[in-house]
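Subject: Structure handover

Hello,

Here is the structure for you to look over.

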Amino acid sequence: MARACPTSPADDHPLATQDTALRSAARVLGRRGFLTAAAAAGTLAFTVNTPARGAVAAPELDPARVPGDPFTLGVASGDPLPDSVVLWTRLAPEPFAPDGGLGARRVAVQWELALDEYFAVVVQRGSVLAQPEYGHSVHIDVRGLLPGTPYHYRFRTGPWISPAGRTRTAPAPGTPVAALRVAAVSCQAYQDGYYTAYRHLAQDDVDLVLHLGDYLYEHAVDPAGGERRLTGTRLPDVLNRETVSLADYRMRYALYKSDPDLSAAHAAHPFVVTWDDHETDNNYAGAVDEHGGPPEAFLARRAAAYRAYWENQPLRATQLPRGSAMRLYRRLRWGTLAQFDVLDTRQYRSDQAYGDRPHPVGPEVDDPARTLTGAEQERWLIDGWRASDAVWNVTPQQVCFSQRRFDLGAEPNVSMDAWDGYRASRDRVLAGARAAGIENWMVLTGDVHVAYAFDIKDDFDDPRSRTVGTELTCTSVSSGRDGTERPANRDTLLRANPHLKHYDGRRGYLRVALGRDSARADFQTVAAVTTPGAPLTTAASFTVEAGTPGLTRA
């Protein structure tokens with residue numbers, strides 16, 4: 001990790017600068033004012049854009065000779081802390097070339113962070129080298145920032161200037177924050193439709209976006225883009241195969257990130273990301289792939305997938321993979337209002353029981369030796385609850401936590417891939433929540449391509465048992481194509497699961513507003529994704545009172 005020389009950010013940043021003054025300054029500075037100050041090298045930023053130890057440094061490419069716009073994949077920010085946020089971009093003038101069109105050469109990239117959208121009040125700036133071994137991705141961990149503050153950022157290389165992004169820092173520790181608005185998204189198969197939900201989300205007034213997994217899919221994408229039925233363009237044949245190698249995964253991320261609606265959402269809001277299965281392989285479990293192939297072969301594929309995931313997301317150096325391992329679970333706080341315990345339920349899990357088919361509960365499901373999170377992550381989660389002083393303890397994760405019976409039989413089938421297939425693991429987490437005494441627990445879930453709202457019960461088999469929390473499942477952005485408001489199994493699931501309070505099969509995202517006295521969830525829905533431009537509607541809204549778990553329809 002390289003550390004540049006620090007600047008001396010003043011304690012009295014001009015947050016109150018008037019809009020007219022900013023516009024005036026912007027007219028003077030303009031785009032030519034980007035990084036012309038002599039202090040451009042002074043920064044409190046930390047980066048990982050250095051060659052691996054022992055590697056021979058790649059030759060450097062003159063930025064003036066970059067063959068085209070290198071910012072085709074947009075910009076992003078993420079994981080805001082009270083004094084820090086991660087800025088991201090990846091250079092790819094030829095996004096569907098294995099090397100992005102830059103070969104094995106390093107490229108200098110300048111960046112700057114400002115208090116205003118006109119970049120008249122720049123507070124930090126710097127320069128890094130985009131390294132070929134990291135896919136020419138750039139991760140800037142900007143430090144020394146003011147807490148609870150919005151910022152604007154952009155990058156430059158040679159004559160090219162990136163789109164500008166907007167981000168923010170978290171409030172200072174201990175701050176009694178009054179309100180927070182977050183969005184939750186998941187499951188965005190490119191070939192299943194347009195990212196209309198992201199177009200609306202880019203315009204929504206949220207502080208943070210939580211991506212709960214399936215950012216990309218490993219399946220082949222045909223030249224017409226599947227359900228998008230592209231006209232006037234043809235996707236390259238290298239995308240029409242399953243992802244296996246590092247080059248495959250890099251080019252698949254390039255496809256997804258070239259979508260203008262996804263790029264707009266990333267530029268508008270900081271993201272906190274976690275993965276599910278399709279970023280690597282469908283329904284994999286630890287070192288076991290979907291088809292039960294040799295673990296050593298799958299771990300090589302997993303290493304490529306994890307490396308590409310890190311390269312293409314706004315993540316810190318602490319998440320940089322080591323071979324086929326990557327520490328992704330982590331904790332973020334928003335003053336004393338919310339604590340986010342972001343889980344990874346793929347990397348450490350036991351193999352699914354009963355061949356990973358829907359199955360009634362049996363001895364394998366209740367085997368205490370089996371785990372969904374791994375023992376270390378489970379302890380980390382429960383220890384974090386014990387130390388929490390937050391009003392809301394939010395658990396962003398991947399697969400359904402609440403019991404979900406699929407039929408009305410005496411021994412109903414349940415999912416072996418979700419927490420239902422790991423009941424002993426779920427019981428330990430429920431016991432940990434009780435022991436920690438957390439009152440306002442909210443689980444945010446992706447994976448299933450539908451919107452659910454559950455009361456989390458102390459005993460799911462007893463509808464009269466105590467409600468201990470809330471689970472909100474966001475539907476998919478595009479996966480599953482258009483969907484329907486009332487899926488065929490809707491009535492059966494509502495009858496079989498009395499703690500299930502809402503079920504909608506259309507596309508969209510979830511918006512949650514947290515306050516000190518209550519929380520509100522709005523299920524934001526689009527009617528179609530196989531054609532672009534569908535309007536946004538609110539399918540349902542629920543509230544939860546702080547200190548009184550249980551969903552109430554708003």
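Ground rules first. This is a predicted model, where local features need pLDDT of at least 70, side-chain atom pairs count only at pLDDT 80 or more, and totals for chains, interfaces and linings use all residues. Residues are numbered from 1 along each chain as its sequence is written, and side-chain values use heavy atoms, with hydrogens and water left out.

Overall. The protein has eight helices and 25 strands. These are DSSP runs, numbered from the N terminus: helices are H or I of at least four residues, strands are E of at least two. Of its 554 residues, 60% are buried. Buried means under 20% relative accessible area, exposed over 50%, and partly exposed in between, with a 1.4 Å probe and protein chains only. Contact means heavy atoms within 4.5 Å. Take the contacts between residues at least 6 apart in sequence: 72% of them join residues at least 24 apart.

Cores. A nonpolar core is a set of buried Ala, Val, Leu, Ile, Met, Phe, Trp, Tyr and Cys residues joined through side-chain atoms within 4.5 Å. The largest holds 41 residues, and Tyr198, Leu201, Tyr309 and Met326 touch the most other members. Two or more residues each come from strands S12 (179-185) and S14 (271-273) and from helices H2 (196-203), H3 (246-257), H4 (260-268) and H5 (295-311). H5 gives the largest share, seven residues. A separate core has 34 residues, including Trp392 and Leu514.

Helix H4. Seven of the nine residues of H4 are buried. Among them are Asp261, Leu262 and Ala265. Tyr198 touches these three residues, and Phe271 and Val477 are also among its contacts beyond four places in sequence. Cover for the buried residues of H4 includes H2, H3, S14 and strands S4 (75-81), S9 (150-157) and S11 (165-168). At the start of H4, a side-chain oxygen of Asp259 comes within 2.9 Å of the backbone nitrogen of Asp261.

Ser479. This residue sits in the loop between strand S20 (467-473) and helix H8 (490-496). Ser479 is buried, at 0% relative accessible area. A polar atom of its side chain lies 3.1 Å from the backbone oxygen of Cys187. Beyond four places in sequence, the contacts of Ser479 include Asp192, Tyr217, His449 and Arg507.

Strand pair. S19 (451-457) and S21 pair antiparallel over four bridges. Two strands pair if DSSP finds at least two bridges between them. Leu500 in S21 is the bridge partner of Phe454. Four of the five residues of S21 (500-504) are buried.

Salt bridges. There are 35 in the whole structure. Each is a side-chain nitrogen of Lys or Arg within 4 Å of a carboxyl oxygen of Asp or Glu. Asp461 and Arg405 meet at 2.8 Å, N to O. They lie 56 residues apart, Asp461 in the loop between S19 and S20, Arg405 in the loop between strand S17 (392-396) and helix H7 (423-436). Asp461 is partly exposed at 45%, and Arg405 is partly exposed at 27%. Arg464 bridges to Asp462 at 3.5 Å; Arg464 is exposed at 77%. Lastly, Arg181, Asp204, Arg511, Arg520 and Asp522 are linked in a salt-bridge network.

Best wishes

Conventions
Polar contact = N/O pair within 3.5 Å; in protein donor to acceptor, adjacent residues only side chain to side chain.
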